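Here are my notes on this one, point by point. Have the viewer open while you read.

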Amino acid sequence: MSKFNNFRSKLADELEIPNNALSDNFELRMHGNKKVIIENHLGLTVYDENMVSIKTNDQDIKIKGSKFKIEEINNLKVIVKGNIKEIIFSMKE
Amino acid sequence: MLIFKLMYLIRGYVVIRTDDKNAEKVLNILRRRNIAVWDVEKKGKGIKFKISYEDYIKNSNLINEIVNPVIKRGAMLKLNKVKFRKGFSIGLLILIISLYLLTSMIWDVEVVGTNQTNTNEILGLLEENKIKIPVSISRIETKQLETLIYNNFEYKFVDVFVEGSKLIIFVREREPEPAEIKSNEPSSIISVKNAIINKVIAKSGQPVVKEGDVVYEGQTLIMGIVKNKNSDEFMMVPSDGIIYGKTYYNFEMKEEKIRSVNMSTNKSKTVYYLKLNENSIKIIGDKDPYERYDYRESVIKVPFVSNITDISFLKGVYYEEEIKKIEIDKQTAQNKMKVAMYDELLERCDDDSRILKSNINFSEDDEFYYLIAQIEVIEDIGEKIRIFPIEEEQTDETKED
């Protein structure tokens, strides 16, 4: 995470406003292990039935499981449905 | 998401399939172009997804370059097709208009509850009031029609309602009222039952019976012919009074000890018929599927179609029944016979009658319970009848004079 982005994230926390309003951080929500909603993403890097990889500003998010479908994808958010087993965050090099 | 999908089902969407191994790239390109993509599924090596028809039109060059659209769906797209099929569109429009016109008119008038002569008279009255068939439903004011018919005919009850494309006029004719004897008309009082006179209260007229007399049905109790005090002539007067008499009612009843009753087995089978006018054609199910059954049927009207035509469906249900023998206990049988006896007594007596004595005996044999009873009742046994003066025939002597 860049220093400026880090500062914006902290400022948002202090001001008690949504983090993604000031920073470029992604927001991840899960509905059980069946649905993942990721906001503030930068696109897909891998889409397979067993794995979906999503690029964000600082990290790549790998979702592993089975029967994956992308319910919706647009500039703002991506919704992935399926049986989720694992979510891995990896920092960009 | 459901609302979103429903919205695009109306506005139109395009299903796209790509066999490109780098399907992610396609999705990212579309995303960068601000194109919303949904229902992305893996299909073989490639993917299948949906985009809106608007986005497809805007970016058709790009999309056709990278992928192949498979199907275009949505209500708006269908409407666009209709634009080119003018004949079909005009036909459809004419059909809708004619259906609307046909269903908003009354094509038949049915009069229920009276004979053909009166029916023709009612139809004539409607025509006089400018209601000629066919007529628009909106022109029919049912309450106004009811008043009109009620005022012009002597009906007890009139109800007018519209059912589909039919105007139904339901009437109930007045029953002729029994002729009443006016209070100033000469009359006598006669007995309507065989009885023993208990009390005679004569207000006017000449009583011809006294307490303890045995009278028979039709016998005069109070005579409306009395002698004039001032002359030897007789005159006719209206009779009035109450004559109480003791009457005896005998009852003999029997009730089975073991009764056969039809009991439902909770099994049923349904049969459907297509009804055309008065004929019905069987569609599904069997006729008479059980040896013993209770059959009930109901008409299923097809919305719109049944209103215009006489086509409807008939649903018949056969409920299986079996005969079961039930033993009736003594107390129940006796109570039942007693109730039946008093019901019958109430029908045969007036409301103000009084039971003086009742003698009820029960007995039984192998098959039946029996009731033998005699009820002694005090009741008003008189009935007024009108009397008329008889014109005397002229004697031969008078003729000669």
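1. Two strands pair if DSSP finds at least two bridges between them. Helices (H or I, at least four residues) and strands (E, at least two) are DSSP runs, numbered from the N terminus. This is a predicted model, where local features need pLDDT of at least 70 and side-chain atom pairs count only at pLDDT 80 or more, while totals for chains, interfaces and linings use all residues. Residues are numbered from 1 along each chain as its sequence is written, and chains are lettered from A and ligands numbered from 1 in the order in which they are written.

2. Start with the four-stranded open sheet in chain B, with strand order 12-14-10-24 and antiparallel pairing. Strand 12 (206–207) and strand 24 (382–386) of chain B are its edges; each has a single partner strand, so one side of each is left without a neighbour in the sheet. Strand 12 of chain B pairs with strand 14 (residues 220–223) of chain B through 2 bridges, antiparallel. In that pairing, Pro207(B) sits opposite Ile222(B) of strand 14 of chain B.

3. Strand 23 (residues 368–380) of chain B is joined to strand 17 (residues 240–256) of chain B by 13 antiparallel bridges. Strand 23 of chain B also pairs with strand 22 (residues 354–364) of chain B, again antiparallel, over 10 bridges. Strands 22 and 23 of chain B make a hairpin, with 3 residues between them.

4. What does each chain put into the A–B contact? Chain B contributes 15 residues and chain A 14, with two residues in contact if their C-beta atoms, placed from the backbone, lie within 7 Å. On the chain B side, the elements giving two or more residues are helix 2 (23–32) and strand 2 (37–43) of chain B.

5. Ile70(A) stands opposite Val40(B) of strand 2 of chain B.

6. Now the cores. A nonpolar core is a set of buried Ala, Val, Leu, Ile, Met, Phe, Trp, Tyr and Cys residues joined through C-beta atoms within 7 Å. Buried means 20 or more other C-beta atoms within 10 Å of a residue's own, exposed means 12 or fewer, and partly exposed is in between, with C-beta atoms placed from the backbone. The largest core has 33 residues, and Val80(A), Leu27(B), Val37(B) and Ile51(B) touch the most other members. Strand 5 of chain A gives the most to this core, 5 residues. Beyond its neighbours within four places in sequence, Val80(A) contacts Val36(A), Val52(A), Ile63(A), Phe68(A) and Ile70(A).

7. Leaving out residues up to four places away in sequence, Glu327(B) touches Lys257(B) and Ile258(B).
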